[in-house]
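Please have the sequence and the model open while reading.

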Amino acid sequence: MSPFGGWGMLTAFLVLLCCRGSRVKAFEGPEHLMVGSGEFQLINCTASCTDPKKLVLETHLNKTLLDSQAQWKLFKVANISKDEKLLCSFTCGDRQETKVFNITVFYPPKQVLLTLWPTSVVIGTLFTIECRVPAVAPLEGLTVTLLRGTEILYNQTIVGTAPSPQDALVSHNTTAHREDGHHNFSCKAQMDLRSRGGGLVHRVSDPQRLEVKEPEPKTQMVIIIAVVIVLLLVFVTFVFLCFVFSQKWHRGRTGYYAVQDHWRRLIGSHRAQTL
C-alpha cells in the first residue's frame, strides 16, 4: 500500500460521512496527487450541480467504483506506474464540465543500506560511513542522515531533477573514537513531498556496530628503535674506550721520556766527577 493509502481511506470515510444522503458539494481532495509507483489512489468525482448527468472518471487505468450518490462518485484507481492525468467529467444542464487530477508517481525509499568501512578500526584512524538508497525519485525531495545512536553525524539533502528512479549515495569520513564502539550506527532516508501535495516518507537502515581497538605498538618499529639504541651504545662505548686508551698511552709516553732524561743527567754528572 502507498504511504498515503491511509489518507485515501480517510478521504473515502469523509466522503461517505459527509455526502451520503446529502445534496451539499462533497470533499474532492487535492487536484495534484502523489502516488507511490504501483500503488492505488482514491479519486472522488464531484459535480458542481445537484443533478449531474454522465458523471464519469476517464482513465485507461484499472478503476473500481466504491460508492456513489447523485452528486458524486468515489473510485479506486489501481496500478499507477507513471504520471497520469485523470479526467472527471459531468454534465450540468446543457454545460459540460471537467475536473483534472494530476497524478505524479514517486519512488519512495524502500531500502536503506548502511556500510561501515572498515568494520574494525584503531582509535584515531579514519573510517567511512556510506549510505545507499536504491531506486528513489524525485531525488530533490530526499534527505539522508547518518546517525551514531541518536546523534546526527552528517546530514545531506540530495540535489537532482531526474524523474526516473536513481540510487542516492551519501558518504562521510570521520575519525574513530573510543566511544564509537558503544553506539549503533544507522542511516535515515526521508522524502519530503509536502510541496507536491504529498507527505513525509521515511525509512531507517538496520543498525551496525563498529569494532574500535586500542592502538598497539608496531613490532617492526620496536625492533628498529632497539637496534638504533644498541648501535648508539656501541658507538658511545667505542668512543669512551678510545679516549681511555689514548689517555693511558699519552701518560705512558710522557713517563718513559722523563725517566730516560733523569738517567742521562745522572750519567753526565758521574762522568764529570770522574774527570
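Among contacts in the chain between residues at least 6 apart in sequence, 65% join residues at least 24 apart. The model is predicted. The chain's secondary structure comes to two helices and 17 strands.

**Overall figures**

- Of the 275 residues in the chain, 33% are buried.
- The chain has an accessible surface of about 17600 Å², and carbon and sulfur atoms account for 59% of that area.

- Three strands make up an open sheet, ordered 8-10-13, with antiparallel pairing.
- Strand 8 (113-117) and strand 13 (166-175) are the edges of this sheet; each has a single partner strand, so one side of each has no neighbour in the sheet.
- From one strand to the next, the twist averages 15°.
- Strand 10 (residues 126-136) and strand 13 run antiparallel and are joined by nine bridges.
- Within this pairing, Cys131 is found opposite Val170 of strand 13.

- Strand 11 is largely enclosed by the rest of the structure, because seven of its seven residues are buried.
- Leu142, Val144, Leu146 and Arg148 point one way from strand 11, while Thr143, Thr145 and Leu147 point the other way; all are buried.
- Strand 11 runs antiparallel to strand 14, and seven bridges join the two.
- In strand 14, Met191 is the residue opposite Leu142.
- Six bridges pair strand 11 with strand 12 (residues 151-157), again in the antiparallel sense.
- Arg148 has Glu151 of strand 12 opposite.
- Strands 11 and 12 form a hairpin with two residues between them, and Gly149 in the turn has a positive phi of about 70°.

**Nonpolar cores**

- In soluble globular proteins, nonpolar side chains tend to be buried together.
- The largest nonpolar core here contains 26 residues, and Leu142 and Val144 have the most contacts inside it.
- At least two residues of this core come from each of strand 8, strand 10, strand 11 (142-148), strand 13 and strand 14 (184-192).
- Strand 10 gives the largest share of this core, with five residues.
- Leaving aside residues up to four places away in sequence, Leu142 touches Val136, Gln156, Thr157, Ile158, Ala168, Ala189, Gln190 and Met191.
- A second core of 19 residues is separate, and includes Cys45, Leu55, Leu57 and Leu61.

**Disulfides**

- The count of disulfides comes to three.
- With the bonded cysteines of the chain numbered in sequence order, the pairing reads 1-3, 2-4, 5-6.
- Cys45 is joined to Cys88 by a disulfide, with an S to S distance of 2.4 Å. This pair links distant parts of the chain, 43 residues apart: Cys45 lies in strand 2 (residues 39-46) and Cys88 in strand 6 (residues 84-92). Both Cys45 and Cys88 are buried.
- Cys49 and Cys92 also form a disulfide, with their sulfur atoms 2.0 Å apart. The torsion about the S-S bond of Cys49 and Cys92 is about -85°, so this disulfide is left-handed. The two cysteines are 43 residues apart and link distant parts of the chain, with Cys49 in the loop between strand 2 and strand 3 (53-58) and Cys92 in strand 6. Cys49 and Cys92 are both buried.
- Cys131 and Cys187 are joined by a disulfide, S to S 2.0 Å. The link of Cys131 and Cys187 is left-handed, with -85° about the S-S bond. Here too distant parts of the chain are linked: Cys131 in strand 10 and Cys187 in strand 14 are 56 residues apart. Cys131 and Cys187 are both buried.

**Another cysteine**

- Is Cys242 buried, exposed or partly exposed? Cys242 counts as partly exposed, because its relative accessibility is 37%.

Conventions: Residues numbered from 1 in each chain as written. Predicted model: local features only at pLDDT ≥ 70, side-chain atom pairs only at ≥ 80, totals over all residues. Heavy atoms only, no water. Pairing = 2+ DSSP bridges. Helix = DSSP H or I, 4+ residues; strand = E, 2+ residues; numbered from the N terminus. Axes fitted to C-alpha atoms, helices over the stretch in contact; angles between N-to-C directions. Core = buried A, V, L, I, M, F, W, Y, C linked by side-chain atoms within 4.5 Å. Buried < 20%, exposed > 50% of the residue type's maximum accessible area, 1.4 Å probe, protein only. Contact = heavy atoms within 4.5 Å. Disulfide = S-S within 2.5 Å. Areas by Shrake-Rupley, 256 points an atom, 1.4 Å probe, with all protein chains shown as cover.
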